[in-house]
Amino acid sequence: LNNRGLEADGERVLRLIRANLADRMARHLMVISNGDMALQMLQDELRKTGRQPEIICGSRFPGDNTEEYRYRILNRIILCMEAGRTLILKDLEHVYGSLYDMLNQNYAYAGGKRNVRVALGPHSNPMCYCHDDFRCIVLVDEATIVNLQADPPFLNRFEKQQLTYSHMLTPLRADVLAQLHDWAAAFASVPALEKGRRFHPGEAFAAYSPELLLSLVISVSTQPASAAPDGAGDLLGQCKQRLVDLAFSDAIFRLPKSGLPDSEQLAEEYLRNPMHISLVGIVRRQLE
């Protein structure tokens with residue numbers, strides 16, 4: 001990985017996913033993950049190959065549990081099949097049954113074109129054109145597999161790959177992650193003010209969680225080569241900078257009492273950043 005440590009399991013999984021998508025004869029792909037990490041990584045990988053995926057996620061709202069909603073979803077899927085796009089499906093258990101033949105790649109050929117049956121209800125099973133470049137990826141939550149709640153015949157239709165944050169950890173990333181975790185705890189703590197009450201990183205950073213730190217390390221370490229960090233020190237520094245952008249303002253005012261060597265510099269840089277002054281600053285930062 002070019003000075004970024006030994007190759008992680010996730011890198012090998014991504015290679016296998018790329019090979020699957022490049023092979024027209026391969027089975028459709030199921031990616032088993034937790035959270036939305038796999039979705040973001042798949043988008044990034046597909047864009048590297050010039051593909052613009054169509055993403056369809058199921059709705060959990062009771063009002064969307066209707067036949068009309070299901071037909072709208074199936075219509076979008078049929079359009080993707082005809083256009084030869086790469087389709088990513090998530091949380092569409094009520095639709096997968098209508099795609100039995102497509103997911104099983106049970107095609108019928110007529111006039112040199114590939115067609116597949118789609119069930120649009122008990123009395124409508126039209127044959128729909130399926131472009132040779134069409135690929136389908138189904139995302140499944142890891143808990144569904146562990147609890148054996150998924151339908152075994154449904155699982156057997158796919159080439160399956162497991163992709164989680166832990167699979168993306170190289171020794172270098174693991175070392176930086178541990179240092180970043182300790183730094184975040186030190187950032188949040190205020191020994192002189194606590195007096196029996198400890199400030200936790202969740203009180204200093206928005207949306208803080210171990211998964212946030214892990215995704216941050218992976219995101220920074222997989223940047224394009226021109227912006228990629230060089231070594232653990234640079235990687236840790238960039239991660240800290242990104243994490244400070246998520247800090248609450250009250251945590252910044254407590255920061256000089258934290259005991260961090262560069263606390264005053266961090267606080268000054270935070271307060272000088274237009275992004276932390278107004279909504280306009282935030283929008284401009286996102287557009288850069």
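1. Basis. The model is predicted, and local features need pLDDT of at least 70, side-chain atom pairs count only at pLDDT 80 or more, and totals for chains, interfaces and linings use all residues. Residues are numbered from 1 along each chain as its sequence is written, and side-chain values use heavy atoms, with hydrogens and water left out.

2. The sheet. Three strands form an open sheet in the order β4-β5-β6, with antiparallel pairing. Strands (E, at least two residues) and helices (H or I, at least four) are DSSP runs numbered from the N terminus, and two strands pair if DSSP finds at least two bridges between them. Because β4 (108-110) and β6 (127-129) each have a single partner strand, they stand at the edges, and one side of each is left without a neighbour in the sheet. From one strand to the next, the twist averages 40°.

3. Pairing of β4 and β5. β4 and β5 (residues 113-117) run antiparallel and are joined by three bridges. Tyr109 has Arg114 of β5 as its bridge partner.

4. The helix pair. Helices α8 (residues 171-188) and α10 (residues 210-221) pack at an angle of about 130°, with their axes 10 Å apart. Axes are lines fitted to C-alpha atoms, for helices over the stretch in contact, and angles run from 0 to 180 degrees between N-to-C directions. α8 is therefore oblique to α10 (under 35 degrees is roughly parallel, over 145 roughly antiparallel, 65 to 115 roughly perpendicular, the rest oblique).

5. The helix contact. Residues in contact (heavy atoms within 4.5 Å) include Val176 and Leu180 of α8 and Leu213 and Val217 of α10.
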